[in-house]
Amino acid sequence: MPVQPNVVERLAIYRFDRAPSAIVDVLDAGSFYAVALAHDLDVFATLDRPRSVGELAAEIDADPAALGDLLRVLAANGYVERDGGAFVRAATTERWLTDDGAANLAPWFTFWRDVVFPFWNEYLETAVREGGPPLTLYEWLNDDPDLWPTAQRGFRAVATLLADPVVDEVDLPGGATTLLDLGGGHGRYAVELCERNPGLSAVVFDHPDALAVAETEIGDRGLADRMETRGGDYRTDDIGEGYDAVLLFNVLHGHDEAEVRALFERVHDALAPGGRVVVLDQFRGGGRMNVGRAAVALVSLTYRATLGRGVHDADAVADWLRAAGFGAVERTGLRRDPGSELLQATRE
Ligand SMILES: C[S@@+](CC[C@H](N)C(=O)[O-])C[C@H]1O[C@@H](n2cnc3c(N)ncnc32)[C@H](O)[C@@H]1O
């Protein structure tokens, strides 16, 4: 977590501007890299009980002096705590950055470090000067497919955090048996829906090289008899037909209005009469509090830099759904992710 200034520092930095607050950004950037490395090295998983630097170094095969430096950065930023001469993971680290807690967001750090920020380094300036990058992040990943699993594990980490509240709100037609998850990536949302609805089968559709993580997930959850992956481009390739429901989760921000309208028409044709389309995304104006606003701003810049596109207005998206032949459009905010909304509509 970002370093917490004490009272004196808060007054000096934020109240009286006697020290450059920008320096905190540099500390946070270093902290970000330290967390990603700690995840790679299994530091958080291993510190489930207090261990001396020497013990931990032996266990994870690291240099004790250098590991001590890393642990002091993690301690200064609240990720680990001192326990006598030992270190142990903080409760918030256990809860949000390990498999023993509520959700493990560590793969999201790896995704930003190994995929998003290298892409920024190459193309952020071009994107800001020219309105977008020369190729999308997905095209870049298709040229370097070894990075696809890193990206999908990152998306899945966020989905793990949101799957329960999102799936609670998804309103499938009664007796639904078929679901299409377009741009479904890691497949976590479709997996969750299949687990909750024993009569449901699902297709996870994405770029062919993007599906390995979903295939593992489907196998691990014992859902291979009800779930399959299909590779292709959902704008141009056959996506099938007769589905009871189609998910479009976190894909609209990669497309401009014309492309979203065309996609809604394809989805309309792929649904059985009475079928439901369910959209999840960030929308313009989301995130009214400080952290939420900063998150939506960063995500919007990232969409611009990586996809040359951005978030849409939720009212406009609802109108595009109606224009594509959907009715009964419903909007639901998500408390756990203040910048995001679900839009659901029925094929008329
Ligand atoms: C931000 S991820 C969202 C993944 C998942 N739906 C979720 O909400 O966590 C967007 C996904 O859409 C896929 N995608 C984007 N454009 C696509 C296209 N034209 N055809 C197929 N998949 C596409 C990407 O490969 C990626 O897996």
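**View 1. Domain 1 and domain 2 have centres 36 Å apart, taken over C-alpha atoms.** The model shown here is predicted. The domain assignment of the protein places domain 1 at residues 7-97 and domain 2 at residues 160-347.

View 2. Strands of a sheet pair through backbone hydrogen bonds, in either a parallel or an antiparallel arrangement.

**View 3. Strand 8 pairs with strand 9 (residues 340-347) in the antiparallel sense.** Six bridges connect strand 8 and strand 9. Two of the facing positions can be picked out by residue. E330 has Q344 of strand 9 as its bridge partner, and G333 stands opposite E341 in strand 9. The link from strand 8 to strand 9 is a hairpin, which passes through six residues.

**View 4. Helix 2 (residues 22-40) crosses helix 7 (residues 106-130) at roughly 115°.** Two packed helices are described by the angle and the distance between their axes. Here the axes of helix 2 and helix 7 come within 9 Å. Helix 2 and helix 7 are therefore roughly perpendicular to each other, and their crossing is left-handed. On the side of helix 2, the contact is made by F32, Y33, V35, A36, L37, H39 and D40. On the side of helix 7, A106, P107, F109, T110, W112, R113 and F117 take part. By type, the residues of this contact of helix 2 with helix 7 comprise ten nonpolar, two polar and two charged.

**View 5. Helix 2 also packs with helix 5 (residues 64-76), their axes coming within 10 Å.** The axes of helix 2 and helix 5 cross at roughly 120°. Helix 2 and helix 5 are therefore oblique to each other, and helix 2 passes helix 5 in a left-handed crossing. Helix 2 contributes A34, V35, L37 and A38 to the contact, while helix 5 contributes L70, V73 and L74. The residues of this contact of helix 2 with helix 5 are divided into seven nonpolar, no polar and no charged.

**View 6. Strand 1 (residues 80-83) and strand 2 (residues 86-89) run antiparallel.** Four bridges join strand 1 to strand 2. In one of the pairs, E81 has V88 of strand 2 as its bridge partner. Strand 1 and strand 2 form a hairpin, with two residues between them. In the turn of this hairpin, G84 has a positive phi of about 60°.

Key:
Residues are numbered from 1 along each chain as its sequence is written. This is a predicted model: local features need pLDDT of at least 70, side-chain atom pairs count only at pLDDT 80 or more; totals for chains, interfaces and linings use all residues. Side-chain values use heavy atoms; hydrogens and water are left out. Two strands pair if DSSP finds at least two bridges between them. Axes are lines fitted to C-alpha atoms, for helices over the stretch in contact, and angles run from 0 to 180 degrees between N-to-C directions. Angles under 35 degrees count as roughly parallel, over 145 as roughly antiparallel, 65 to 115 as roughly perpendicular and the rest as oblique. A crossing is left-handed if the near helix is turned anticlockwise from the far one by less than a right angle, and right-handed if clockwise. Contact means heavy atoms within 4.5 Å. Ala, Val, Leu, Ile, Met, Phe, Trp, Tyr, Cys and Pro count as nonpolar, Asp, Glu, Lys and Arg as charged, and the others, Gly among them, as polar. Domain bounds come from an automatic or database domain assignment.
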